[in-house]
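Let's take a walk along the place where two protein chains come together. Have the picture ready and follow along.

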Amino acid sequence: MKIVAKRPESLTSKDFHYCPGCTHGIIHRLVAETIDELGLRESAVGIAPVGCSVLAYEYFNLDMLQASHGRAPAVATGVKRVLPDCAVFTYQGDGDLAAIGLSEVVHAALRGENITIIFVNNAIYGMTGGQIAPTTLMGQVTTTSPGGREVGMSGNPIKVCEMLATQQGPAYLSRVSVHSPAHVRRAKKAIRKAFEMQMQKKGFSLVEILSTCPTNWGMDPLSSLDWLEEEMLPMYPLGEFRRPGG
Amino acid sequence: MKTRLMKGNDAVGEAAIAAGCRHYYGYPITPQNEIPEYLSKRMPEVGGVFIQSESEVAAINMVYGSSSAGARVMTSSSSPGISLKTEGISYMAGSELPAVIVNMMRGGPGLGGIQPAQGDYFQAVKGGGHGDYRTIVLAPASVQELYSFTRLAFDLADLYRNPVMILGDGLLGQMMEEVEIPVDAADTPPPEKPWAATGCRGRSKVIINSLYLDPHQLEVHNRKLQEKFSRMVEREQRSQEYRTRDCEILLVAYGTAARIARGAVDEARAQNIKAGLFRPQTLWPFPNGGLLEAAGTAKALLVVEMSAGQMVEDVKLGIEGRLPVHFYGRMGGVVPSVGEVTAEIRRLEGELS
Amino acid sequence: MTVKGRLTIEKERCKGCRLCIHFCPKEILEDCGELNKLGYRPVHLKDQEACTGCGICALMCPDMIIQVERGKGA
């Protein structure tokens, strides 16, 4: 018998604090497996954000920094400019990256900063209790859009990959999801491609990963997967928005 | 030793290079723009990194990143820009990261003006950002000191693993003076930093972090920081005296205000008034010991600042109620003249006799 | 020759989200009906013989409580 699925070395033995069925755990594992497979664990530096994944520095079994809210791409820039041969990545949620930290990610992309951004989009602020996020869907009920998101009060959702794809800077932009086994496998490929491009010094790579938040969406984990597929995919279509040579 | 005629802001840039700093991140703001301009030319010459960031906030977080990776790193700005950097400075103090932050102060509050001022004393000395932390604050009063204090700042930052601030002002940054540069200037090797996040090859992982969700752990962390700050208070007080041996009126001033106060001391002496000057070179830790010594023969203190009188509080604490503390200052970027400070000394002398 | 799988499930770390149950192609995972120390109802393998070791349960488990081994069956 051969072990075909086990905990990657790039994760510590610490249990995740995430809620039951939250797909952050799957995404952590995909990033860690990728780092293992590419042999980067001992030369990687990760940047944890503020948000649900703030404790990512405890979970990844490699050198980790914790950044102030939204600033992970700037912090990653500072690390990468000292350690150009290290694999430098940020792990950020949608509030962190697309609201308070939008400027930092856009300018890191414009500079073609040779870092990898793992951007987890679950359409809500998780850690603080389910407030509206820049990625919250129209009509979606949150604790600060109790009547459902509407333009007059909260504006429109942001499509980060599409926005960055209008610019010259990024080398790789991909949106994937983790709501089914096939999608998880595709997400892994995109993450791997992003890290490979960084190690080939191709420049800025970002993988947006659609993820669930059963607790703050007010659903059980399985219904959350359905909601992601039915509601989020039409707004956030999957695919590569910038690809190698493309 | 070689001598160069240098602009204050350029001297800061050159000193950073000499200190082994190879990473600079900053955002344009008057009156410190010559620092990024100088380093945008010099950093590539020495294989260093210069980034003009998208904001002061991004700059200080790039500093956070490079410092975490073990590099000597600097940013500079002026008053409103420093306000934006304070969150990052708090994070760096909390995460025990060394860095050098230069503030060439201008008039405030708000957008204020672009003329030299000293209104950021509280911000620099009393914390600025959130939480129980301190930064060593060096107060140069010449282009020479801008150079030597910048080099010193890198050493102190690494020694204590804490941000160090250089509190200059627009006048110091813009003026030109001779600077004596030690011949070994380019040879400072940055110290080993085993705590830095450089990839975990051959060792266990490191975490650079200021989050402690358990209040008891956070208190333990804070106690450790406070012990460090206590060591700074014991070891890092710096000051200079001028004509204080028999003085009756002791002026206390730093930076540009100290240069003017020194002129006023000479004027007053010429008018047979026994004036002297005590010049803090560190604003935090405030040189309390030096102040008490300098005030040995004094009957009154006169604090001179380009602000509403922010250092007055520390002078009162330092003198422990033994002498009356008076104040003369200008605000908004108005630089007081030697004549008006001398007149204030004479007025005070009249009150005393 | 059939391909066989062996699952090692750390029940005490399971949060009972049921993603593995939902996606198991052989429908051989189920709620075990009892609470673990975390207060969740962990997953349980009801038919070891039917497991092919495809790994989908582990692929979808957010908490990595399932180790999967695969080999040739007898």
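Start with who touches whom: 35 residues of chain B are in contact with 36 residues of chain A, where contact means heavy atoms within 4.5 Å. Keep in mind that this is a predicted model, where local features need pLDDT of at least 70 and side-chain atom pairs count only at pLDDT 80 or more, while totals for chains, interfaces and linings use all residues. Residues are numbered from 1 along each chain as its sequence is written, chains are lettered from A and ligands numbered from 1 in the order in which they are written, and side-chain values use heavy atoms, with hydrogens and water left out.

Now for the area. About 2600 Å² is buried between the two chains, with carbon and sulfur atoms giving 58%; buried area is the accessible area (1.4 Å probe) that two parts lose on being put together, summed over both. On chain B's side, B:Glu54, B:Cys200 and B:Lys205 supply 21% of what that chain buries against chain A, more than any other three residues.

What about charges? The rule finds 3 salt bridges across this interface, each a side-chain nitrogen of Lys or Arg within 4 Å of a carboxyl oxygen of Asp or Glu. Look for B:Arg203 and A:Asp63, whose side chains meet in a salt bridge at 2.6 Å, N to O.

Which element of chain B gives the largest share of the side that touches chain A? That's H3(B), with 8 residues; helices (H or I, at least four residues) and strands (E, at least two) are DSSP runs, numbered from the N terminus.
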